[in-house]
Amino acid sequence: MNSTIEEELQKHGKHLDIVVGNSMQPLLRVRQDQVVLTKLEKPLKKYDVVLYKRPNGQYVLHRIVKIKKDHYIINGDNRYHLETVPKDWVIALMEGFYRCDKYYTRNSLPYKLYITLWCRPLTIRRFLLYLRQKLKQKRKK
């Protein structure tokens, strides 16, 4: 019997999984990179990447862009829309990830540079992603 991610976190404190969606590109590549998820043991911060579980059972790995009293404002790095996520939906923190057999922690210099260059200018990035989507739609017509 396969255990759930929650059971794995409870038993071992960590969970390793392969990335299956494109919402966290360019940081995490679909079916190429693996994430190391850890149990929530400390307060979460802005720009942390978290795994949350929607009421329909779907797991989502996205980044916190704003912290409110009872919820987080969350966004995928490859998305321009924001999502409100209740704090009790969040089940794990991304501690790091593997890319091409190299491990990067969330405290590593390359990761911190990525945050500075890609995540902090969220408004500009959201606008650019929106334009990219509109151009794709126009080409399809």
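**Cysteines and salt bridges**

Colleague: How far is the sulfur of cysteine 100 from the closest cysteine sulfur?
Modeller: The gap is 20 Å, with cysteine 119 holding that closest sulfur, so the two are too far apart for a bond. A disulfide here needs two cysteine sulfur atoms within 2.5 Å.

Colleague: And how many disulfides in the whole structure?
Modeller: The search finds 0. Cysteine 119 is in none either, since its nearest cysteine sulfur is that of cysteine 100, 20 Å away. Keep in mind that this is a predicted model, where local features need pLDDT of at least 70 and side-chain atom pairs pLDDT 80 or more, while totals for chains, interfaces and linings use all residues. Residues are numbered from 1 along each chain as written, and side-chain values use heavy atoms, without hydrogens or water.

Colleague: Is cysteine 100 buried or exposed?
Modeller: Cysteine 100 is exposed, at 63% relative accessibility. Cysteine 119, on the other hand, is buried at 2%. (Buried is under 20% relative accessible area, exposed over 50%, partly exposed in between, with a 1.4 Å probe and protein chains only.)

Colleague: Switching topic: how many salt bridges are there?
Modeller: The structure has 7, counting a Lys or Arg side-chain nitrogen within 4 Å of an Asp or Glu carboxyl oxygen.

Colleague: Nice. Which side chain does aspartate 33 meet?
Modeller: Aspartate 33 pairs with arginine 29, at 2.9 Å from N to O. Aspartate 33 is buried, with a relative accessible area of 0%, and arginine 29 is partly exposed at 22%.

Colleague: What about arginine 54, which partner does that one have?
Modeller: Arginine 54 bridges to glutamate 83, and their closest N and O atoms are 3.0 Å apart. This pair links distant parts of the chain, 29 residues apart: arginine 54 sits in the loop between β3 (49–53) and β4, glutamate 83 in strand β6 (83–86). Strands are DSSP E runs of at least two residues, numbered from the N terminus. Arginine 54 is partly exposed at 23% relative accessibility, whereas glutamate 83 is buried at 16%.

Colleague: And which residue does arginine 63 bridge to?
Modeller: Arginine 63 forms a salt bridge with aspartate 77, the closest N and O atoms being 2.8 Å apart. Arginine 63 belongs to strand β4 and aspartate 77 to the loop between β5 (71–75) and β6, so the bridge ties together parts 14 residues apart in sequence.

Colleague: Last one: which residues do shared partners join into one network?
Modeller: That network is made up of Arg29, Asp33 and Arg99.

How values were computed. Helix = DSSP H or I, 4+ residues; strand = E, 2+ residues; numbered from the N terminus.
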